Amino acid sequence: MKHLIITIIGKDRSGLVELLSDTIFQNNGNWLSSSLSKLAGQFAGILQVEVAPEDMPQLSEALAKIDELQIHIVEEAKKTAPLPELHQLTVTGNDRPGIVKEVTTLLSQLNININKLRTETQSAPNWGYPIFIATFQLETPANIDLDIIQDELEKLADDLTVDIEDCIPA
């Protein structure tokens, strides 16, 4: 069996997930995992699908015929490396331009891979100004001390709260 990674984006409307799932099912694919979101009126997602090699061309062709979605398909790379250490990082602070760039630049300098990232802004309780919250799933090198990551991130700004914990791979 082949594993495909499929990215999708298009104008949001009801029925898109059903259309995708039906297309995958009708073309002998098995929907393994996904992350789907609506952002600014757009539907965006990434899916992992399993399909027999002989069914790959017809599945790819059927997905390409879905006019309202831009779809990109790649074959999943084979994993031979040992499982990485995974940690959840939560960064909270006053919202301002550049906070994502600063955090991701530092993580890159520390040779840390970002598996997942979710960001949002909320109104601060009792104050009303925007608070930025970012939740990362990180792949860290085995030899890095988590306290170093936390210390370096906290140096970025006085108002950042940083929390790092182990997480169980999904």
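Thr90 touches Ile133, Ala134, Thr135, Thr161, Val162 and Asp163 when residues up to four places away in sequence are not counted, a contact being defined by heavy atoms within 4.5 Å. In this predicted model, local features need pLDDT of at least 70 and side-chain atom pairs count only at pLDDT 80 or more, whereas totals for chains, interfaces and linings use all residues. Residues are numbered from 1 along each chain as its sequence is written, and side-chain values use heavy atoms, with hydrogens and water left out. Thr90 belongs to strand β5, residues 85-94, where helices (H or I, at least four residues) and strands (E, at least two) are DSSP runs numbered from the N terminus. With a relative accessible area of 19%, Thr90 is classed as buried; the term buried applies under 20% relative accessible area, exposed over 50%, and partly exposed in between (1.4 Å probe, protein chains only).

Ala134, one of the residues that Thr90 touches, lies in β7 and stands opposite Thr119. Strand β6 (residues 113-123) and strand β7 (residues 130-140) run antiparallel and are joined by 10 bridges, two strands being taken as paired if DSSP finds at least two bridges between them. The two strands β6 and β7 form a hairpin with 6 residues between them, and in the turn Asn126 has a positive phi of about 70 degrees.

Leu146 is located in helix α4, which covers residues 146-154. This residue, Leu146, counts as partly exposed because its relative accessibility is 23%. With residues up to four places away in sequence again left aside, Leu146 touches His87, Ile164 and Asp166.

The protein as a whole contains 4 helices and 8 strands, which follow the pattern β-α-β-β-α-β-β-α-β-β-α-β along the sequence. Among contacts between residues at least 6 apart in sequence, 70% join residues at least 24 apart. Buried residues account for 32% of the 170 residues. The radius of gyration, taken over C-alpha atoms, is 20 Å, whereas a compact globule of 170 residues would have a value near 15 Å, according to a rule of 2.2 Å times the number of residues to the power 0.38. Along the principal axes, the C-alpha atoms fill a box of roughly 55 × 40 × 20 Å.
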